[in-house]
Amino acid sequence: MLVFDELKKNDPQLRLVALVLAAGLCILLAGLWWVQVVSAHEYQSHLETQAYRTVRLPAVRGKILDREGRVLAENRPRYNLCLYLDDLRKQFDAAYGQLFRQARDMQKQNIAAQEKNLGRSLTKAERKQLAFSTAQLEQLHEQARLGVANDLVAQFSQQLGQPLTLDAKDFERAYETRLALPYPILKNLDDVQIARFEEKFTGGLGTDLDLESARVYPSGTTAAHLLGYVKLDTDSVEGEDSFFSYRLPDYSGMVGVEGGFDAQLHGRAGTESVLVNSQGYRQSENVWLQPEPGHNVVLTIDLDIQHAAEESIAAHQGADARSAVVVMDVRSGDVLAMVSSPAINPVFSENPPAYLNDPKLRPQINRATQQNYAPGSIFKPIIGLAALEAGLDPDALVDNPGYVYVGQRHITDLAAPGQYNFRRAIIHSSNTYFITAGLRAGIDNIIRIAEKFHFGERTGLPTRQETKGNLPSLSRIHSDWHDGDTANVSIGQGEIAITPVQMAVAYSAIANGGTVLWPRLVERIEPQDPASGEVATNFPSGLVRDELGVHPRNLQILHDAMLAETEDPEGTGYPARVPGLRICGKTGTAQVQDEHNRVIDHTVWFASFAPYENPKYAVVVMVESGISGGSTCAPIAHDIYEEILKKENTPIKPRILAEAK
Amino acid sequence: MVNPSINEREPKLERLQLAALCGLMFIGAAFVFSATMANASSAILPWYDQIWVRQIIWYALGLGASAALCLVDYHTLARWSFVAYWATIFFLVVVLVPHIGTVHGGARRWIDFRVFQFQPSEFAKLAFILAAANFLSRPVDELKQRGIFWKGIGLMMLPFILIMKEPDLGSALVLLPTGVVMMFVAGTPKKYLLKLGAGVGILGALFLADILFAPPALQIKIQEYQRQRLLVYFGADFASANATLEQKAEARRLQVDRSYQGKQALISVGSGGLWGQGWCKGDQTALGFLPPGAAHNDFIFSVIAEEEGFVGSILVLTLYAVVLFTGLRIAGQARDRLGKLVAVGVVTLLFSHVFINIGMNIRIVPVTGIPLPLLSYGGSSVLCSLIALGLMQNVHIHRRGY
């Protein structure tokens, strides 16, 4: 072989040298084997870590629809004008080159000037001082980039006819942290701007329109409280890869349906891998997990009835009215409308208008579910039911002198003095009658029936915004409870507090023969693409929470009395009547007291159901600071029932799925 | 009368070595191309500015120079060895003078002749080999004298110190094994060498301990970047123990910066795997992770390793092995001690370069600025490697002919 025949000769030194050489090469061989074969995988992953970035691609958010498939919330494409920083590399370098040459020329001039002053050439050390530090070069780079970006922005400003500014700090930050992603300089272009852009700028230059999905609410402020709002954020949701280099932001629901059903609306984000070079510029990209779109949520809300209610409130009480309306289907528990006024804009804004925090208006509260109110006289039917169950004779007459004494306390009755039976007491809303009935029935019976209605408990709506109201518990009424307190409860004041939706459930129970239902807000959750083959999830309707267990005869008595309230011209609910529809209702005016028990306000109500023959709908209207249930709330209920009647009389439209559009 | 035809001469040139050389030159051109043409901006340079073209030109010039040298018997060359030696010493001194030597990367190693950068240290290595071979080819008994021994050491230390001052630790270091091996093969008594080895070993260990562990006051003054390279290799903390939190953070950042090159080279080599990514398809250079300035010279091996994988690295190692072992054969077949020493010197020089450079790429040796002979881009390096190999061929041509 090569050298071995020589080594057979007696040359120990060469032999040793040859051995050392061989040993050295073997060490290299072993090292290479270790690095390239054994540890190859580890180094490959190092390479990938530094050269690959993962980008989270958000999924398309599901729509929110009403029961007939009309859109309440959906996504629209939004075009942003963006700079693609990697494509601008050449411009950046060119600009930097120019700046650098300028700076160098200036430096040369500086040196020449100094030398002239000193009359000699500068020493090495002095030259070094004038040389560019890395910090200065870095600044030149920044300047170059900013210059190029500003030029482009100015160009766009001119062409699009719109003043645009570039935030230097934000731009630098984007360059340093999100180089591979497009940098937006103008968001949400309208059609004219898009047309202008396409006309003049197609073909590179490092700029393009980037497509983003924006959440829009076509019905404006309708059902805003119910829908909730979404916020743009970049956090991953459970079930997604959580290690991303960049998370493109997408929407995450806050309160309301957007919040409560965020998991279903959200879909699942996908992943894209981007190959970057050592400076972070994008070289190529590759999608390895497609995003999965979210599901549509179909609500039980009927947009027509919802609109009618909102318009009615605005027409009768103005846009600043503090009011709530709940319309329920008494047989299935479906919530057909839920209105809270004042309305808010469901589109989330970083700078909300000042009025959102107005301490009196408090527009952000969903008054239908999130606020406790004293029921006032609309609680009387429940008292009446308790009394009837306890053996009250509805025809027995109670003498009402215009007031009643409970112990030492004098309580005025707004109903005219006279003899009242059950029916008349409901029609005129007599305090005396019901206080007497309540005392006779006993607070225990009242509370037991009230518990069947599940006052003082949440109705279980999936929108994360509900208060419990207040019902004195059995232990409460057994300790330090006086007749005066019972009297208060009998007229719907004192320690009882309810929310409009609880009242709607209660009146539905009265209407449908004694079944307390769980209100249903969401009908079903279905896939966005009907062709995807996925099955929709239906939420069962008509879920029973409780049975009142009262005599049907007593309910009938109540129905008749409440019918008279709206049909009898003397009834407080007369303004609510709609020709062609027999409505049963009850007005209420509750006092609002401050800490010193002085009356500072009134909350007015109208709670009702219709039609009398075969109840189907329950409508509860509440207005804060109103005049009286009859004059303030009943007209609103009237408008709502008109709409309901109209719908009943028009032929049934087939269900339209949103996708068919 | 029968005249047996004596084969007066066997084939003149050592063909196997030449073949290996051609293989290495081809690989060199190909991978310098890959390392430098990876980014778009170099594609628009005119052809005479492109680096791989220049490399081929250097190859041609080098081959020409070595061919010219082979025409002259190496004994004649040896007679001029001391002239060459002192000339290179002169240039080594000159390059240290501030206005004449150019600074690049913190070291003053080159003299700028406009058309090319002349690096005296490369030529000094060759001159040293010739001079040392000449010096050591005296009768073996003379070598037993202490005086001669120390003169030999002095011969080695003079260029060593001058090169260290540039500073160029790598080039200076390769002189040491070359000199020692030449002395060993020449027949210097073992005990001198062993004592020398022990002394150097102890000094080296003390030196390292001082650099790594001693508090700043006691540290020997070497260049900051050299010290940092040693610290990076041993994975030691840059900041001293009692540094403030800010200083430590700063030191850590510096450490990441300094270990960047070595780390990237290692990733390049490792991610090549068994078969590599393919010629011109290496990600590390294309994406700029391997610093473009270093990819085509000191770290050319990592480019080859990434693109051709383990198979490619083995090929390169084999070609070098062929060159080195044929060199040893030439040494064995040399006509006299001068020839043997010259051949051994060249082999050791080349081996030291190869070992340190490839070792640096796979992190068994700290980062030093040593080129890989024939594969790295660099005029002086290519020229000197080819001239050195020409010297070996020279020894071969004029060897005993049986």
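Which residues do ring pairs link into a cluster?

Modeller: The model is predicted, so read everything below as computed. The cluster consists of Phe90(B), Phe91(B), Phe118(B) and Phe123(B), linked by ring pairs. Over all chains, the search finds 21 aromatic pairs.

Take one from chain A. Phe422(A) and Phe434(A) have ring centres 6.1 Å apart. Their planes meet at 65°, and because an angle over 60 counts as edge-to-face, this pair falls in that class. The partners sit in separate helices: Phe422(A) in H14 (residues 422-428) of chain A, Phe434(A) in H15 (residues 431-441) of that chain. They are 12 residues apart, and the pair links distant parts of the chain. Both Phe422(A) and Phe434(A) are buried.

Now back to chain B. Phe82(B) and Tyr85(B) also form an edge-to-face pair, at 6.2 Å centre to centre and 70° between the planes. Both belong to helix H5 (residues 81-96) of chain B. They are 3 residues apart, which means a separation of about one helical turn. Phe82(B) has 30% relative accessibility, so it counts as partly exposed. Tyr85(B) has 1%, and because that is under 20%, it counts as buried.

What surrounds these rings? Chain B has 16 helices and 3 strands. Of its 402 residues, 55% count as buried. Among contacts in chain B with a separation of 6 or more, 72% come from residues 24 or more positions apart.

The nonpolar core comes next. In soluble globular proteins, nonpolar side chains tend to be buried together. Here the largest nonpolar core holds 118 residues. Those with the most contacts inside it are Leu136(B), Ile300(B), Leu328(B), Val342(B), Leu372(B), Leu374(B) and Leu375(B). Helix H14 (residues 300-332) of chain B gives the largest share of this core, with 18 residues. Apart from this core lies another, of 89 residues, including Ala386(A), Val501(A), Ile557(A) and Tyr612(A).

The structure holds 7 cavities of 30 Å³ or more. Three helices of chain B each supply at least two lining residues: H6 (120-136), H15 (337-361) and H16 (379-397). H16(B) gives the most, with 4 residues.

One last residue ties in here. Ser171(B) is found in helix H8 (residues 169-186) of chain B. It has a relative accessible area of 1%, so it is buried. Not counting residues up to four places away in sequence, Ser171(B) touches Ser121(B), Glu122(B), Lys125(B), Ile163(B) and Ile370(B).

Definitions and conventions: Residues numbered from 1 in each chain as written. Chains lettered and ligands numbered in written order. Predicted model: local features only at pLDDT ≥ 70, side-chain atom pairs only at ≥ 80, totals over all residues. Heavy atoms only, no water. Core = buried A, V, L, I, M, F, W, Y, C linked by side-chain atoms within 4.5 Å. Buried < 20%, exposed > 50% of the residue type's maximum accessible area, 1.4 Å probe, protein only. 1 Å grid on protein atoms, 1.4 Å probe; cavity = no way out; pocket = protein on both sides within 12 Å on 5 of 7 lines; lining within 4 Å. Points joined across faces, edges and corners; volume = space filled by probe spheres on them. Contact = heavy atoms within 4.5 Å. Phe/Tyr/Trp six-rings, centres within 6.5 Å; stacked < 30°, edge-to-face > 60°.
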